[in-house]
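Let's take a walk through this model together, going from single residues to helix pairs. Please keep the structure open beside you as you read.

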Amino acid sequence: MQKLFLRVPVLLGFFLFFIKFYDNLKRIAAGEDLLSWSSSLLYSLYIILVLAMGIGLAKLYKLKKSYFYLALVILAIVPRVIWVIAFPSHPTSDFYLYHLTASYRADENSWAVLYDKDLLNYSPFFTHILSFSTVLSWVYQIFGKSVFSGQFFNILATLIGSIYFFKANFILSNRYVASIATMFFLFSPAYFMYSTLIVTEPLFMCLIAIAIYFWVLLYKSPEPNWILSIGIGFSMIGANLIRPSGFLISLVFVVSMMICNKKILLSLKKILPGMLVFLAFSIATPVINKVVYPFPTAATSAGYGVYVGANEGSSGTWTEEDKDYFWELYNELPVNEVSSVMMKAGIDRWVNIYKEGHLISYLVTKFKIFSDDSYGYNWTIYNDPENFPLNSRSQFTGFSYFVDSFLLIMSFLACALALLLRKTKKIYLFIVLEFGYTLGSLLIEVQGRYHVPLLFVSTTLTGFGCYYLYKLITSKGSLLKQSNLKGKRKIVTKKTKRTHLFFL
């Protein structure tokens, strides 16, 4: 049963990444000016450069760890700082609300004052805005209330997340897989652009990377370790406060731990303390909010996500009509009742979609929007950057699609190699993350930027695929023979144990 649960998701991942790659090709074909022979050559050289940096960093890690981390700091910070200085942005919409609220809080204005003067807008309903603005206000108190301070904070969060991402993959696989994955994580064009804005995702990704690192340590530990387990719980609490989709990843941690270990009771002992901490905090959220904020807040905004996500006319994306409906409820009802009303209306929408026989086609449409990798350019333009090259959409989106397509090809290949070489456990956490986060996200509002956490998946699988493809080629088949021998030894060992028990 364990072999079945280990291999089937990886086999499904094999097809999922192919479908994503096919969708990318259709996007590229639809925009005739997205790619040319010259741009394709340039983007290919970029991929080779990133791959070379990953290999070089792996060798540097073996030579001296301090040099490795210094190089990682430089590669994570310097290119992004140059980008921010070259193209100063002006936050808009939610991004402006983060900046504005944090600025007021940095000036020691109380939450009560901001609420009374109606400066919080819809934040009492979307409480992750309050959480992120609080963290950002601490940054502003130290470094000043400038947009650059907020952007630099996100750059630092990206750096810290990349360090823990590297550490997790190093323990799971080796330094080559880890460093290649980390380089593609840092230099994926779409996320590179997006991570320099005042957005919540870099901090969210940083906390998820820390949780993944704790999970890997706990998974490798022969005995339960309540400190590591609770570390996962608190990391996920922080992540869920910043982006309310953190609970989906918590379920991924539980499932992966249970499947990757044959001893179910041991797996439960390992993961249960952290999940109980996370669950207890989630249940206590309304009480905690009452203590922290001197005004009514929503315990969850899930109803809004489900309602908007079930809007078949807009393919599950935000519309003016949905916004008007939200404000109508927000102005008429207590804030903690809005989500439940929208949840009921959203479920009614889903039932109608199912009755009309549109469910599968609708989910496919939402999947395409969710997986779109043009979010980096779109949100950069949305934040009104100075000096940004005009008429550059085709170049930047083409660049993003090209690199993303390479990551998908290598992810596709990694699934095949993991099955062939019997190494599914090394990538299993990320495969479950791909499926769990995608399926959960399709039930709510979709945007291309919402699939950002899945960058951990495609970059890890790219590192895995590159390394084991090289090993398979250079070993001239001996690596495959070794994996087959290892499998046969396990079978022989099991038969020997059974014979021994029979004679006993």
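W226 counts as exposed, because its relative accessibility is 58% and exposed means over 50% relative accessible area, buried under 20% and partly exposed in between, with a 1.4 Å probe and protein chains only. You will find W226 in helix α11, which covers residues 226–242. Helices here are DSSP runs of H or I with at least four residues, numbered from the N terminus. The C-alpha atoms of W226 and I171 are 19 Å apart, and 55 residues separate the two along the chain.

A word on the ground rules: this is a predicted model, in which local features need pLDDT of at least 70 and side-chain atom pairs count only at pLDDT 80 or more, while totals for chains, interfaces and linings use all residues. Residues are numbered from 1 along each chain as its sequence is written, and side-chain values use heavy atoms, with hydrogens and water left out.

For a contrast in accessibility, turn to S40 in helix α2 (residues 37–63). S40 counts as buried, because its relative accessibility is 17%. Leaving aside residues up to four places away in sequence, S40 touches L35 and F402, where contact means heavy atoms within 4.5 Å.

Next comes helix α4, residues 93–106. Its 14 residues should span 20 Å at 1.5 Å a residue, and its end C-alpha atoms are 20 Å apart, so the two values agree; the expected span is 1.5 Å times one less than the number of residues. Which residues of α4 are buried? They are F95, L97, Y98, H99, T101, A102, S103 and A106. These buried residues pack against α5, α6, α7 (147–172), α9 (189–194) and α18 (375–382).

Let's look at one of those partners, α6 (residues 127–143), which packs on α4 at an angle of about 55° with the axes 7 Å apart. That angle makes α4 oblique to α6, because angles under 35 degrees count as roughly parallel, over 145 as roughly antiparallel, 65 to 115 as roughly perpendicular and the rest as oblique. Axes are lines fitted to C-alpha atoms, for helices over the stretch in contact, and angles run from 0 to 180 degrees between N-to-C directions. On the α4 side, the contact includes L97, Y98 and H99, and on the α6 side it includes H128, I129 and F132. By class, this contact has eight nonpolar, seven polar and one charged residues.

Just after α4, E108 takes a positive phi of about 65°. Most residues other than glycine have a negative phi. E108 sits in the loop between α4 and α5 (111–116) and is exposed, because its relative accessible area is 70%. R422 also has a positive phi, of about 60°, although it is not a glycine. R422 belongs to the loop between α19 (393–420) and α20 (428–441), and its relative accessibility of 44% means that R422 counts as partly exposed.

Finally, consider α3 (residues 65–86) and α8 (residues 175–187), which pack at an angle of about 10° with axes 11 Å apart. This makes α3 roughly parallel to α8. L72, L75, A76, P79 and R80 in α3 meet T182, M183, L186 and F187 in α8. The residues of this contact divide into seven nonpolar, one polar and one charged.

Definitions and conventions. Helix = DSSP H or I, 4+ residues; strand = E, 2+ residues; numbered from the N terminus. Nonpolar A, V, L, I, M, F, W, Y, C, P; charged D, E, K, R; others polar.
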